Protein chains: 2
Amino acid sequence: MRAVDLIRAKRDGHGLSRDAINAFVEGVTSGTWPDYQISALLMAVVWRGLSADETAWLTDAMVHSGARLRFDGLAHVPVDKHSTGGVGDKTSLVLAPLAAACGAPVPMMSGRALGHTGGTLDKLESIPGFRVDLDEAAIARALATVGCALVGQTDAIVPADRRLYALRDVTATVESVPLITASIMSKKIAEGIGGLMLDVKTGTGAFMKTEAEARRLAASLVATGTRAGVCTEAIITAMDAPLGSAVGNALEVVEAIETLKGRGPGDVTELSVRLAAGLLMLAGVEVTHAAADRRVRGALASGAGVETFARIIENQGGDRRVVDDYARLPQTADVELVGAPRGGYLERLDAEGVGRAAMALGAGRDRLEGAVDHAVGARVLARPGDAVRAGGPVVELRHRAGRGLAAAVALVREAIEVGDTAVPPRPLVLGTVDHPDRHP
Amino acid sequence: MRAVDLIRAKRDGHGLSRDAINAFVEGVTSGTWPDYQISALLMAVVWRGLSADETAWLTDAMVHSGARLRFDGLAHVPVDKHSTGGVGDKTSLVLAPLAAACGAPVPMMSGRALGHTGGTLDKLESIPGFRVDLDEAAIARALATVGCALVGQTDAIVPADRRLYALRDVTATVESVPLITASIMSKKIAEGIGGLMLDVKTGTGAFMKTEAEARRLAASLVATGTRAGVCTEAIITAMDAPLGSAVGNALEVVEAIETLKGRGPGDVTELSVRLAAGLLMLAGVEVTHAAADRRVRGALASGAGVETFARIIENQGGDRRVVDDYARLPQTADVELVGAPRGGYLERLDAEGVGRAAMALGAGRDRLEGAVDHAVGARVLARPGDAVRAGGPVVELRHRAGRGLAAAVALVREAIEVGDTAVPPRPLVLGTVDHPDRHP
């Protein structure tokens, strides 16, 4: 099967056989397909799409390009949650300890900040000493002891995706539902879980700008995960304004701990509880939504969640005292307030703008190689729908001696829109996408 | 302008600015664009197309990627003819000497055999001593003395196309009207001509399988050439069966000389005269079709055409005696006849099949690096519409000690279809595509 014939077939809108897709992934992994043929095929896939079969085959071939982890001897099914990327989304730091405290094994593999969206690994690394590079044995030990590991993807997992993603990034072939599906799901399937909660975000701050696009991606992810034997459920959530108040690594860790202590913003709390309850059901800890919800709220109220987070930190080499002493986290005293341009009601606080402002201050990065400043970021002081007075505080920027401040202020000003009437924001959770076979 | 942004714009169906296209071609020529970004953009162009403006800008940028030849001090406008590739098409060897004999300067740059189609350079090189690698000064001298040079493309011309074509060939991005247009027209514009006759072929043996596709390509070529100041006219011709009788390098040289002596097959003679007359008008030698046609037929009848061909051969280091002594050309005594499967009328003699058979015998090549055997090929003994008896001769194969013979025989058998009624083939010339501004 020559590469050029395979590219031609997809270019002309034909389906690719399972053998053809295996040959492609084998060529990507072994290096026998040159970059220029891979990128031509990727663009043809952006154009013509992949069927559900092709997407499942691609995902499966990518899983088999590397190691597949396996956690045996656990009382419940190991589960994970994945979000398509948002601004101020620190729910992983809340729901993973909560679900683990309730008995669900959570071997969570997360990513890094890129562009205007944050990354769980960077947030965790703002905790002094915290190590995210655990190997399979260390993850297994963590599951057996504290019930959860919060780690980065190991090199052994889905090497094909690393080459494909690097190429997609520079050839404008990222935006493709089947390619996104195969990239996300191959890594999740390879990490050895049996259940997956997906948080597919939509809105101005999300990768999927419209709800229809988000639903299409969610359906593809759920179908592909289910076919591969991973029970997968997705919720569609709004990402118009930042989630919660804090945007930036250490700032978000503080807000996550506050949430675990029952003092977090309503949106962060409710989304975390919802996702954690979903994980309990996928893990087989509970069988009804009501019972799962009750158990998660119990762990929140009892302090079991925050205690589990402290144990996770300790288990991964971090300073567990941060849970009670936020001064142990990186911080900066440099603060700049951005106020409302006029009095009225905050109509819009664009998540992408605030995310880009935090990135400009150093909280994020453009390229995965870049460093981040864990202390800097933004705190949202007024939410869409709130009344504001002229010059009244909307966003507080925490900067490092003015680095990137002018750009950040301009971005936040651009993100703010004040109107004359109070327009309530749309609900956070817009819907659920479940596999039709799960509840016959 | 980042490459990835340019790829994304085309992927999303947006037009590219002239600056963007210049940046792309500059990146191709200088090597600053990596192969994988070039191929991704090429696939996006196959998908989204290019507007007439974009096509003209791309062509112009490609012309400027290298040298543009210039022939001054000629009595008439230098002209050339280009065909999109056929089987048995030796008209260049006939019309170039004819047009030159009538006073049109013909600096003809041709290509090599590839796939099932023949190449003028390979045919010429079957003449002992004939050199096709003339530089600009030698071409200018040839125009001043014999009126014609039959050469290959010099390295100085359109270097961008060499890199682009090599990539298109292996990434299934050849089949795109704007990319074909820019590739063909940039090279023709850079060779310093003022007029161009195009022979756009359509049919089973052609690159463009349908007449509609051929007309679309012809319109794009004519519009792009005219915008660049090269008067361009196209005829659409049928390529269902081989043109004339001979298929293969030395065999076609013999048929071309026979045609110049007035003894050629009717289709080769008529197409050559038609194209040569077109060249005379584009060169400004004649102003009416009737006068141009008369003058070309005069050069044919007087022997001026065959004498000019002999002088061209001599001028380029070849043995001019081949014109009267075909035994001086490479030949083989090994002959195999392929007969009709049954009696009736020949309904089809598929040009591509016969071309592939000649290639299997060694007359052509798969890759431009491959060598060819100048002696081998095929002679068509019955034409579509002819009555044939069972086992009666249809194609004669000239092979080299059986090399590739089994495959060639199978291909020819597959190419032959005999029916019960005489179906006359469609006319050779199907239409003309001219620029609307030329005859207001």
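Two residues are in contact when they have heavy atoms within 4.5 Å of each other. With that in mind, B:Ala52, B:Asp53, B:Thr55, B:Ala56, B:Trp57 and B:Thr59 of H4(B) meet B:Ser220, B:Thr224 and B:Arg227 of H10(B). Please keep in mind that this is a predicted model.

**Helices H4 and H10 of chain B**

- By class, the residues where H4(B) touches H10(B) are three nonpolar, four polar and two charged.
- H4 covers residues 52–63 of chain B and H10 covers residues 211–227 of chain B, and the two helices pack at an angle of about 60° with their axes 10 Å apart.
- Because of that angle, H4(B) is oblique to H10(B).
- The crossing of H4(B) and H10(B) is right-handed.

**A closer look at B:Ser220**

- You will find B:Ser220 in helix H10 of chain B.
- Its relative accessibility is 17%, so B:Ser220 counts as buried; the cut-off for buried is under 20%.
- Setting aside neighbours within four places in sequence, B:Ser220 is in contact with B:Thr55, B:Val177 and B:Thr181.

**Helices H2 and H8 of chain A**

- In chain A, helix H2 (residues 18–30) packs with helix H8 (residues 159–170) at an angle of about 85°, and their axes are 8 Å apart.
- That angle is why H2(A) is described as roughly perpendicular to H8(A).
- From H2(A), the contact is made by A:Phe24, A:Val25, A:Gly27, A:Val28 and A:Thr29, and from H8(A) by A:Pro159, A:Ala160, A:Arg163 and A:Leu164.
- Sorted by class, the residues of this contact between H2(A) and H8(A) are six nonpolar, two polar and one charged.

**Aromatic pairs**

- Over all chains, the structure holds three aromatic pairs.
- One of them brings together A:Trp47 and B:Trp47: the ring centres are 5.8 Å apart and the planes are at 0°, so this pair is stacked.
- A:Trp47 lies in helix H3 (residues 35–48) of chain A and B:Trp47 in helix H3 (residues 35–48) of chain B, so the pair joins two chains.
- B:Trp47 counts as partly exposed because its relative accessibility is 21%.
- Another pair is B:Phe24 with B:Trp33, whose ring centres are 5.1 Å apart and whose planes are at 70°, so the pair is edge-to-face.
- Both B:Phe24 and B:Trp33 are buried.

Technical notes
Residues are numbered from 1 along each chain as its sequence is written. Chains are lettered from A and ligands numbered from 1 in the order in which they are written. This is a predicted model: local features need pLDDT of at least 70, side-chain atom pairs count only at pLDDT 80 or more; totals for chains, interfaces and linings use all residues. Side-chain values use heavy atoms; hydrogens and water are left out. Axes are lines fitted to C-alpha atoms, for helices over the stretch in contact, and angles run from 0 to 180 degrees between N-to-C directions. Helices (H or I, at least four residues) and strands (E, at least two) are DSSP runs, numbered from the N terminus. Angles under 35 degrees count as roughly parallel, over 145 as roughly antiparallel, 65 to 115 as roughly perpendicular and the rest as oblique. Ala, Val, Leu, Ile, Met, Phe, Trp, Tyr, Cys and Pro count as nonpolar, Asp, Glu, Lys and Arg as charged, and the others, Gly among them, as polar. A crossing is left-handed if the near helix is turned anticlockwise from the far one by less than a right angle, and right-handed if clockwise. Rings of Phe, Tyr and Trp (its six-membered ring) pair if their centres lie within 6.5 Å; planes under 30 degrees apart count as stacked, over 60 as edge-to-face and the rest as tilted. Buried means under 20% relative accessible area, exposed over 50%, partly exposed in between (1.4 Å probe, protein chains only).
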